[in-house]
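Hello,

I am handing this structure over to you. Please open it first, then read the notes below.

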Amino acid sequence: MLDLRKEFPALREGVVYLDSGATALKPRKVVEATLEYYENFPANVHRGGYPWANRATEAYEEARKKVANLIHARPEEVVFTKNATEALNLAASILANRIGEGDRVLVSVMEHHANFLPWMRLARNRGAEFVIFNVTPDGYLDLEDFRRKLTPNTKVVALTMASNVLGTVPPFKEVAKMAKEMRAVVVLDGAQYLAHREVKVRETGAHFIGFSGHKVFGPMGTGILWGRMELLKEGEPLLVGGSMIKDVGFEDYTLEETPKRYEAGTPDVGGVIGLGAAVDFVLEIGYEAIHTHETELTAYLYDALSSVGGVEVYGPPPKDRTSLVAFNLKGLHPHDLAWYLGELGIMVRSGGHCAHPLHKFLGIPYNQSVRASLSVFNTKEDVDRLVEGIVKAKRAFGV
Ligand SMILES: Cc1ncc(COP(=O)(O)O)c(C=O)c1O
């Protein structure tokens, strides 16, 4: 098992952080890289020509190369955004002109709202059909349902690489291959994937993938859109303004090349530099070690939760999921349980997890659940503390 607690300044004695699915804790080296920028060369990028400005621009573009290296992409295919939500909205903006009346936009029911609402809105605005494909009752993607709904008029298929509720890793490569046969554009949501498993963007078969930088140990305010150059080249940015144009006249303007055309205004320079340090952190540990550690711990978590009387665990067994488990304790509202655990120093998330359609589809009580999500620094002791906390909650609430 990995032993990385000391790398994370927030992990003081007794802290049990089981909410890395919402945002990862930041390793010391990420905090230091961001601080170094603010203390030593805190200038804007792509503007000034003085030494601080040059150094800031170089560090910012170096971070882009690091991210590109992490996901096996070219730097010019990497657009920095403020989170995965912005990345996926940007993908929808780029594709908007390709969608019209009579077209179909096909989205899985297990999407986070970030990969659901941009497509629902796009379909509505363009007069296209918005169609949802299902999961099976045990939380796997329903490939048969997808096959039935993938019609020749399907223009976009949106799918997560890992569900933020069920942990399910759907067969996204197979889905992308089938979508390609219909000439549909495939947009994947890698927000819950990249901190846990290696991504080789081209091998996924996708055209766009949105990621959260902050879930991969980067600072808050960082996200990534990767896209295929043929689509990025022509796309409509979400924002227009400074830094993304070649020229502006009195009646018209010409856009910069990608990725600059999508990064209007001052970006989060310190955040992006920190994200570069986060990439170094991930690669120094290595995906193999991350995977081994988290696979063992996820199985431990899943088994431990399943063995507590009254706990209902959602989604497939550990071998088919990433590093999180959502559950409910019979007779207790998920917010009450999460609050109680918080009082014991155990941090878990509760609610609809921005996946209301999925909770409704599966008929999960209260349309909400408690979620424990793991990272490289978690230990079996963290899981034991969670289970002890749930057992105490049962006694305290008499359920
Ligand atoms: C699967 C999934 N997609 C997208 C998002 C949105 O990410 P962000 O908060 O970076 O916009 C999340 C966040 O929890 C997520 O879990």
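Start with a loop. Asn-367 sits in the loop between H12 and E15. (Helices, H or I of at least four residues, and strands, E of at least two, are DSSP runs numbered from the N terminus.) Its phi is positive, about 55 degrees, although Asn-367 is not a glycine. Asn-367 is partly exposed, with a relative accessible area of 34%. (Buried means under 20% relative accessible area, exposed over 50%, and partly exposed in between, with a 1.4 Å probe and protein chains only.)

Two notes on the source. This is a predicted model, in which local features need pLDDT of at least 70, side-chain atom pairs count only at pLDDT 80 or more, and totals for chains, interfaces and linings use all residues. Residues are numbered from 1 along each chain as its sequence is written, and side-chain values use heavy atoms, with hydrogens and water left out.

Backbone

His-353 also has a positive phi, near 55 degrees, and is not a glycine. Look for His-353 in the loop between strand E14 (349–351) and helix H12 (356–362). His-353 is buried, at 0% relative accessible area. There is a cis peptide bond too. It joins Thr-258 and Pro-259, with omega about 10 degrees. Pro-259 lies in the loop between strand E10 (253–255) and H9. For background, most residues other than glycine have a negative phi, and most peptide bonds are trans.

Gly-271

Gly-271 belongs to helix H9 (residues 269–285). Gly-271 is buried, at 4% relative accessibility. Leaving out residues up to four places away in sequence, Gly-271 touches Pro-219 and Thr-222. (Contact means heavy atoms within 4.5 Å.) Val-30 is 241 residues from Gly-271 in sequence, yet their C-alpha atoms are 9.0 Å apart.

Helix crossing

Next, look at helix H11 (residues 334–343) and helix H13 (residues 380–397). Their axes come within 10 Å and cross at roughly 115 degrees. (Axes are lines fitted to C-alpha atoms, for helices over the stretch in contact, and angles run from 0 to 180 degrees between N-to-C directions.) The crossing of H11 and H13 is right-handed. (Right-handed means the near helix is turned clockwise from the far one by less than a right angle, left-handed anticlockwise.) H11 brings Asp-336, Leu-337, Trp-339, Tyr-340 and Leu-341 to the contact. From H13 come Leu-386, Gly-389, Ile-390, Lys-392, Ala-393, Ala-396 and Phe-397. The residues of this contact divide into 9 nonpolar, 1 polar and 2 charged. (Ala, Val, Leu, Ile, Met, Phe, Trp, Tyr, Cys and Pro count as nonpolar, Asp, Glu, Lys and Arg as charged, and the others, Gly among them, as polar.)

Salt bridges

How many salt bridges does the structure hold? There are 19. (A salt bridge is a side-chain nitrogen of Lys or Arg within 4 Å of a carboxyl oxygen of Asp or Glu.) Among them is the pair of Asp-382 and Arg-5, at 3.9 Å, N to O. This pair links distant parts of the chain, 377 residues apart: Asp-382 is in helix H13, and Arg-5 is in the segment before strand E1 (16–17). Asp-382 is buried at 4% relative accessibility, whereas Arg-5 is partly exposed at 22%.

Asp-19 and Arg-371 form another salt bridge, with the closest N and O atoms 3.6 Å apart. Asp-19 is in the loop between E1 and helix H1 (28–40), and Arg-371 is in strand E15 (residues 369–373), 352 residues apart. Asp-19 is buried at 14% relative accessibility. Arg-371 is buried too, at 1%.

Arg-74 and Glu-76 also pair, their closest N and O atoms 3.1 Å apart. Shared partners join Arg-74, Glu-76, Glu-77 and Arg-202 into one network of salt bridges.

Aromatic pairs

The whole structure has 12 aromatic pairs. (Rings of Phe, Tyr and Trp, its six-membered ring, pair if their centres lie within 6.5 Å; planes under 30 degrees apart count as stacked, over 60 as edge-to-face and the rest as tilted.) One of them is Tyr-37 with Phe-41, edge-to-face, at 5.4 Å centre to centre and 85 degrees between the planes. Tyr-37 is buried at 5% relative accessible area, and Phe-41 is buried at 4%. Ring pairs also link Phe-8, Tyr-17, Phe-217, Phe-281 and Phe-377 into a cluster.

Best wishes
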